[in-house]
Amino acid sequence: MIEYILLGDALVRATPLILTGLAVALAFRAGVFNIGAEGQLLVGAAASAAVGTRLGAIPSVISIPLLLLAGAVAGGIWAGIAAELRRRFAVLEIISTIMLNFIAIHAVSFLVRGPLQEPTGIYPQTESLSDILQLPIIARGTRLHLGFVIAVVLACVLAWTYRYTTMGFRVRAVGAGRRAAASAGNINVERTSYRVFLLSGALAGLAGSVEVGGVTFALYENISPGYGYTAIAVALIAGLRPLAVIGSGIFFGILETGATALQREFGIPSSTASLIEALLILVVLGVGKTRGAALLPTWRRGFA
Amino acid sequence: MSTLETFLEGTIRTATPLAFAAIGETVAERAGVINIGLEGAIIAGAFGAFVGAGIGGIWSGYAVAGISGFTMAAIFALFAVRLRADQIIAGTAVSLLALGLTATLYRQFFSVTGAGLTIPTMASREIPGLSGIPVIGQALFAQPPITYLLYVVIPALWWWMYRTHAGLALRAVGESPRAATAAGISSTKVQLLAVLFGGFMGGIAGGVLVIAQAGTFAEGMSAGRGFIAIAIVVLGRWHPIGVAAAALTFAAASALQYLFQAMGWAIPYQIFLGLPYVVTLLALAGVAGKVSAPASLGRWKRV
């Protein structure tokens, strides 16, 4: 029974990791270095909390989709700032997305002490979502919520899109080689990258919504223990393949829940998990290079 | 001190660790390598400084800080330079590694016992005469001595980069590793040394945070300074003097809070905390089209 609950916890933890992992995998696949999943997740969470605490008594079938939509749109807009900066001013998205992460952290800190603070004004957090707005639990006795299903379905949709649609082909072509995609493939590289960037932000924003709607039920500081950064490891271990992201997301979910349990039981610092994540990324990089296997698409874009 | 003097003093204080990190990154990027792992070098340096200063005093703290940053850069270089793996991913991994490693070590050895280590700190020392200059004297010449080191290192680096053969070799590698190799320069070796120097300087930046400013270590205390330093390098157009100016601009945006506080404006403090990042974004957009990065920057072609 304990194992059953622990597995549920691991899958709960895996949910935002899968969603942000998909966000990173999609962006990287198209050669867009979106390091900003963390910030996009935070604004997504903030938007959902803002919408959720203001919705009246509307049936769940309408209100929950609204909640999720708000997060996805907010995440997309946050990524859109970086996408615009890249398109108009050629600002490196690696830098702009990281800057936007920090801006998002301070914005959340401001919101939960200002406009969105709970009515009594004591705690730096928003009001809790009412029961009808909380994502339904899908396995009795655990905390596992609908968000996990959403994450898995979206991974499947993305995999299907890559394989069977023109958009998916464009994304893969642009990632494989921008110049070839433009000349031989007659693909508008800039537009494809731009759309991928927004979509990637929307996925990360959705991760924030799902976290608010399914786990925390309120917005507060430190709502994310660095999901957006772990997402990079999740995406890379999965070789940027959407279906594999499900597996690696669950793996990291287990790793992080396990690390928390180890800290409780044996006093091993839970930060060991990020240490393991970093080593895994390096191993993937090292193995990919030394065996000459192309685990990752070959980016040839410069930074000038 | 007048309000303006407080503002200027805060600017220089904030700029010091950023300038150390950005100057190091400038050299690495001039060799064509973008090291996102700089954040990792800074936090490793901070932890190293904490341990080193606790055991052997201020200067041993700085030495251990530099070595710690150097070590992180060596790990990055193994993947990014030696194996030609993707620089962005290797750098991100090294940042994660250092943040996780320092947090783990800190919790394991210091936090659990409850009593944090008290370490000696570096006090400000006025330079007689110069510190008496009106308005800017106190800000520039009543700082911890490590700041004065920058006043020497930045011009020296400019001279080295633009007036020596070695500096020319560095810039040549950044523009075209292949051409540099053809001219008899070992591009890999130059890139390796440049990255290691960058890591060492990043480590010193972490040391400044601990020894000259906070007086202790805290998990994640680098707080994104490595990433900010990388933005500063772009703003400073990969030129030592420009980078120093960009570091001051960014620091001034951070120090604005002292001005506003003194004027009694009730602005939420989070706005000030977020402002420097907004300024950086705007500044990056502002220099668009006017900057030319080293031509081979970030590319991982085999040289």
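Mentor: Let's start with the words: helices are DSSP runs of H or I with at least four residues, strands are DSSP runs of E with at least two, and the numbering runs from the N terminus. By that rule, chain A has 11 helices and zero strands. This is a predicted model, where local features need pLDDT of at least 70 and side-chain atom pairs count only at pLDDT 80 or more, while totals for chains, interfaces and linings use all residues. Residues are numbered from 1 along each chain as its sequence is written, and chains are lettered from A and ligands numbered from 1 in the order in which they are written.

Trainee: What pattern does chain A follow along the sequence?

Mentor: Chain A reads α-α-α-α-α-α-α-α-α-α-α.

Trainee: Why is chain A called as compact as a globular protein of its length?

Mentor: We use the radius of gyration over C-alpha atoms, and the globule rule is 2.2 Å times the number of residues to the power 0.38. For 304 residues the rule gives 19 Å and chain A has 19 Å, so chain A is as compact as a globular protein of that length. Along the principal axes, its C-alpha atoms fill a box of roughly 60 × 45 × 35 Å.

Trainee: How do you know that the length of α2(A) agrees with a helix of 16 residues?

Mentor: The expected span is 1.5 Å times one less than the number of residues. For helix α2 (residues 37-52) of chain A that should be 22 Å, and the end C-alpha atoms are 22 Å apart, which agrees.

Trainee: What makes α2(A) count as largely enclosed?

Mentor: A residue is buried if 20 or more other C-beta atoms, placed from the backbone, lie within 10 Å of its own, exposed if 12 or fewer do, and partly exposed in between. In α2(A), 15 of the 16 residues are buried, so the helix is largely enclosed by the rest of the structure. Across chain A, 55% of the 304 residues count as buried.

Trainee: Which residues does α2(A) use to meet α3(A)?

Mentor: The axes of α2(A) and helix α3 (residues 60-89) of chain A come within 7 Å and cross at roughly 140 degrees. These axes are lines fitted to C-alpha atoms over the stretch in contact, with angles running from 0 to 180 degrees between N-to-C directions. Contact means C-beta atoms, placed from the backbone, within 7 Å. On the α2(A) side the contact includes G39(A), V43(A) and A47(A), and on the α3(A) side it includes L67(A), G71(A) and W78(A).

Trainee: How is that contact made up by class?

Mentor: Ala, Val, Leu, Ile, Met, Phe, Trp, Tyr, Cys and Pro count as nonpolar, Asp, Glu, Lys and Arg as charged, and the others, Gly among them, as polar. The contact of α2(A) with α3(A) has 13 nonpolar, seven polar and no charged residues.

Trainee: At what angle do α1(A) and α9(A) pack?

Mentor: Helix α1 (residues 2-29) and helix α9 (residues 227-237) of chain A pack at about 65 degrees, with axes 8 Å apart. Among the residues that meet are L17(A) and F28(A) in α1(A), and Y227(A) and I232(A) in α9(A). By class, this contact has 11 nonpolar, four polar and no charged residues.

Trainee: What makes their phi values worth a look?

Mentor: Most residues other than glycine have a negative phi. The phi of N222(A) is near 55 degrees, and that of W238(B) is near 60 degrees.

Trainee: How many residues does each chain bring to the contact between A and B?

Mentor: Chain B gives 44 residues and chain A gives 41. On the chain B side, α4(B) has the largest share, with 14 residues. That side has 30 nonpolar, 10 polar and four charged residues.

Trainee: What makes M99(A) count as buried or exposed?

Mentor: M99(A) has 28 C-beta neighbours inside 10 Å, so M99(A) counts as buried. M99(A) is in helix α4 (residues 93-111) of chain A, and touches A231(B), Y277(B), T280(B) and L281(B), leaving aside residues up to four places away in sequence.

Key
Two residues are in contact if their C-beta atoms, placed from the backbone, lie within 7 Å.
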